[in-house]
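Please look through the structure below with these notes beside you. They take up a few points one at a time, and each can be checked against the model.

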Amino acid sequence: MTGQTLEAAERLLADLPPTAAVWCSGLRKRYGRRTAVDGVSFTVDRGEVMGLLGPNGAGKTTVIKMLLGLVRPDAGDVLLLGRPATDPRARARVGYLPELFRYQPWLTAAEVLTLHVRLAGLDVAAGERRECLGLVGLADRAGDRVGGFSKGMQQRLGLAVALVARPEFVILDEPTSALDPIGRADVRDLLLSLKERQVAVLLNSHLIGEVERVCDRVVILDKGRVAAAGSLPELLGQSEVRLRLADVSAAAEQRLAAAGELTRDGDTFTVALPADSGSDTVPTLVADLVGLGVRVHAVEPGRISLEERLLGILRAGREGDPT
Ligand SMILES: Nc1ncnc2c1ncn2[C@@H]1O[C@H](COP(=O)(O)OP(=O)(O)OP(=O)(O)O)[C@@H](O)[C@H]1O
Ligand SMILES: [Mg+2]
């Protein structure tokens, strides 16, 4: 290639949009006769915090391990920071907090960080490593052996390991399961500061309130498949109406269910309104209910929380499914 064409090629590459933090398509994995992951595709963009949600056994950890090249997919493709997941150049720029881990119990917290920096092939000064331990609240335990650490302290150290090598993309598999409330709030601040620095994050957590506070987008896995995905406004934009009612006949209940997904708690009926419902949906519903002999005690608008939305999606997936 001549110098001129090389220059042109470089210009062309520089003009391309930056590659996603991770892109995966059609990921599939079986363990024996059990399908753990069944055709999962999604993207995490640079600077984006993505939540990965789903019940126990949904395949979240398996997906994460495939993204990192730690589990070989039966089918599908992964690009990690624009490179194959097995490329050490991509891996060195990714921070990972595994779901289950144990560090060498005879090492001190500071030594664990030194080891991981060396494994990443980087040069991170001692001051910066200390700062990283401070960030996760372990500043005064730097010289203690991790064998004597509590569960939450081990998880904090895991976070420090994931962050110490200045990653461009951080994957956290349940980072706060063992943390106390202050630790959880610290992690939330930490995630927001990563976002400010344009570091992409994939966060798997069962603490849905946490995900709702920090994530830009969410992927919900169920039984190895993507059950729903989108930005929080896309997923939660749907509003709901709560009605306290008496004398509800079967016909009235049918009318309620026709307005949207219906849940009942005693005399309180909650209808999740479809995104395309107009401003007269609720007045018309109330008029129809009155016409059907229902006594309407209260009508309250509401917005669905991510937790309610998640439960709705998972329950809908189980309807008519004996497993
Ligand atoms: N190494 C393995 N060998 C056999 N089966 C496995 C293995 N790893 C995962 N599985 C199975 O794959 C399915 C998905 O497991 P995975 O750990 O990905 O779920 P998860 O969504 O991370 O769940 P949790 O919320 O409990 O962490 C489960 O049925 C699990 O038993
Ligand atoms: Mg898991």
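This is a predicted model: local features need pLDDT of at least 70, side-chain atom pairs count only at pLDDT 80 or more; totals for chains, interfaces and linings use all residues.

1. Which helix gives the largest share of the shell around ligand 1? That share, three residues, comes from α2, and both α2 (60-67) and β2 (34-44) supply at least two residues of the shell.

2. The residues that surround ligand 1 are Tyr-31, Arg-34, Ala-36, Gly-54, Asn-56, Gly-57, Ala-58, Gly-59, Lys-60, Thr-61, Thr-62 and Glu-99. Sorted by class, this shell has six polar residues, three nonpolar and three charged.

3. Turning to a pair of helices, the axes of α4 (residues 109-119) and α5 (residues 126-135) come within 10 Å of each other and cross at roughly 120 degrees. Because of that angle, α4 counts as oblique to α5, and the crossing in which α4 passes α5 is right-handed.

4. Where α4 and α5 meet, α4 contributes Ala-109, Ala-110, Leu-113, Thr-114 and Val-117, while α5 contributes Arg-129, Cys-132 and Leu-133. By class, six of the residues in this contact are nonpolar, one is polar and one is charged.

5. At the level of the whole chain, the domain assignment gives domain 1 as residues 19-234 and domain 2 as residues 238-303. How far apart do the C-alpha centres of domain 1 and domain 2 lie? The distance between these two centres is 42 Å.

Note on methods: Residues are numbered from 1 along each chain as its sequence is written. Chains are lettered from A and ligands numbered from 1 in the order in which they are written. Axes are lines fitted to C-alpha atoms, for helices over the stretch in contact, and angles run from 0 to 180 degrees between N-to-C directions. Helices (H or I, at least four residues) and strands (E, at least two) are DSSP runs, numbered from the N terminus. Angles under 35 degrees count as roughly parallel, over 145 as roughly antiparallel, 65 to 115 as roughly perpendicular and the rest as oblique. A crossing is left-handed if the near helix is turned anticlockwise from the far one by less than a right angle, and right-handed if clockwise. Two residues are in contact if their C-beta atoms, placed from the backbone, lie within 7 Å. Ala, Val, Leu, Ile, Met, Phe, Trp, Tyr, Cys and Pro count as nonpolar, Asp, Glu, Lys and Arg as charged, and the others, Gly among them, as polar. A residue is near a molecule or strand if its C-beta atom, placed from the backbone, lies within 6 Å of it. Domain bounds come from an automatic or database domain assignment.
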